[in-house]
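Reader: Please take me through this model one question at a time, giving the cut-off behind each term as it comes up.

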Amino acid sequence: QRPVLQRQRRGEPAPVSGLRPVARRDGPALHAILGPSAESWLGLGPLGKEECCHLALQWEKDRRFWAVEQDGEALGLLYLAPLAERGGGQWELGYALRQDEQGRGLATWACCLLLDQGFASGQVQRVNAFCRPDNRASRRLLRRLGFWKRERRLKNGCLSFDRWGRPCGQDALEYTMTAAAWQRRRGALPV
């Protein structure tokens with residue numbers, strides 16, 4: 001049983017209950033979270049409710065996926081997993097929030113909580129995040145967290161789908177954060 005991760009904002013109540021493992025009951029919520037952003041975030045085509053219920057069932061057993069929860073409802077999804085092809089304690093961070101929950105600081109709060117746990121475990125030495133160059137909100141979030149952009153643009157770094165549903169690659173920007181940089185940056189964050 002994976003724990004629920006919780007932390008309160010300094011001087012205020014937490015904006016959400018915490019992070020918890022994705023559960024099968026999250027299928028409909030995943031549809032609201034991933035429906036509009038599945039193509040850009042997961043490299044999947046548009047997801048229906050049935051596909052999201054199937055993903056929730058799969059991810060329930062997967063320690064990499066976390067739900068951002070408020071009052072028992074999943075408002076967002078986070079992903080933290082090792083980058084096996086890179087080794088050496090390198091991990092990947094991913095995130096998505098329901099559109100009506102964006103812009104309130106929830107992604108910053110939730111990513112801070114998950115990064116705190118990951119770096120504290122000792123297994124995570126570096127976290128990488130990838131986003132499309134046109135995803136301004138994602139780039140701002142990563143900079144706010146203290147990630148820095150690597151000096152390369154990955155050709156076909158994000159799998160996407162064209163308007164006919166055929167897979168195609170899209171360029172991606174790679175951002176990175178080390179455990180030492182996180183420790184220095186952590187005190188400057190508002191959560």
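Reader: Is Phe65 buried or exposed, and what is its relative accessible area?
Author: A residue counts as buried under 20% relative accessible area, as exposed over 50% and as partly exposed in between, with a 1.4 Å probe and protein chains only. By that rule Phe65 is buried, since its relative accessible area is 5%.

Reader: Before going further, what kind of model is this, and which limits apply to it?
Author: Residues are numbered from 1 along each chain as its sequence is written, and side-chain values use heavy atoms, with hydrogens and water left out. The model is predicted, so that local features need pLDDT of at least 70 and side-chain atom pairs count only at pLDDT 80 or more, whereas totals for chains, interfaces and linings use all residues.

Reader: How many aromatic pairs does the structure hold, and what is the geometry of Trp59 and Phe65?
Author: Rings of Phe, Tyr and Trp (its six-membered ring) pair if their centres lie within 6.5 Å, and planes under 30 degrees apart count as stacked, over 60 as edge-to-face and the rest as tilted. The structure holds three such pairs. In the one formed by Trp59 and Phe65, the centres are 4.0 Å apart and the planes 10 degrees, which is stacked.

Reader: Which parts of the chain does the pair of Phe65 and Tyr79 tie together?
Author: The ring centres of Phe65 and Tyr79 are 5.0 Å apart and their planes stand at 45 degrees, so this pair is tilted. Helices (H or I, at least four residues) and strands (E, at least two) are DSSP runs numbered from the N terminus. Because Phe65 belongs to β2 (residues 65–70) and Tyr79 to β3 (residues 73–82), the pair ties together parts 14 residues apart in sequence, namely strands β2 and β3.

Reader: Is Tyr79 buried or exposed, and which residues form one aromatic cluster with it?
Author: Tyr79 has a relative accessible area of 17%, so it is buried. One aromatic cluster is formed by Tyr79 together with Trp59 and Phe65.

Reader: How is Glu69 placed, and which side chain does its own side chain contact?
Author: Glu69 is located in strand β2, and with 11% relative accessibility it counts as buried. A polar contact is a pair of N or O atoms within 3.5 Å; within protein, one must be able to donate a hydrogen and the other to accept it, and residues adjacent in sequence count only if both atoms are side-chain atoms. The side chain of Glu69 makes such a contact, at 2.5 Å, with that of Arg20.

Reader: Which backbone angle stands out at Asp71, and what is its value?
Author: Asp71 sits in the loop between β2 and β3, and at 70% relative accessibility it counts as exposed. Although Asp71 is not a glycine, its phi is positive, at about 50 degrees.

Reader: How many bridges join β3 to β4, and how enclosed is β4?
Author: In strand β4 (residues 90–97), seven of the eight residues are buried, so this strand is largely enclosed by the rest of the structure. Two strands pair if DSSP finds at least two bridges between them. Gly76 stands opposite Leu97 in β4, and β3 and β4 run antiparallel, the bridges that join them numbering seven.

Reader: In what sense do β4 and β5 pair, and what is the handedness of the crossover between them?
Author: Strand β5 (residues 126–131) pairs with β4 in the parallel sense over three bridges, and Glu92 has Asn128 in β5 as its bridge partner. Between β4 and β5 the chain passes through helix α4 (residues 106–120) in a β-α-β crossover. A crossover is right-handed if, with the strands pointing away from the viewer, the path from the first strand over the helix to the second runs clockwise, and this crossover is right-handed.

Reader: How many residues make up the largest nonpolar core, and which element gives the most to it?
Author: A nonpolar core is a set of buried Ala, Val, Leu, Ile, Met, Phe, Trp, Tyr and Cys residues joined through side-chain atoms within 4.5 Å. The largest has 35 residues, and those with the most contacts inside it include Leu19, Leu93 and Val127. Among the elements that give two or more residues to this core are β4, β5 and α5 (136–145), while the element that gives the most, with ten residues, is α4.

Reader: What share of the chain is buried?
Author: The chain has six helices and seven strands. Of its 191 residues, the buried share is 49%.
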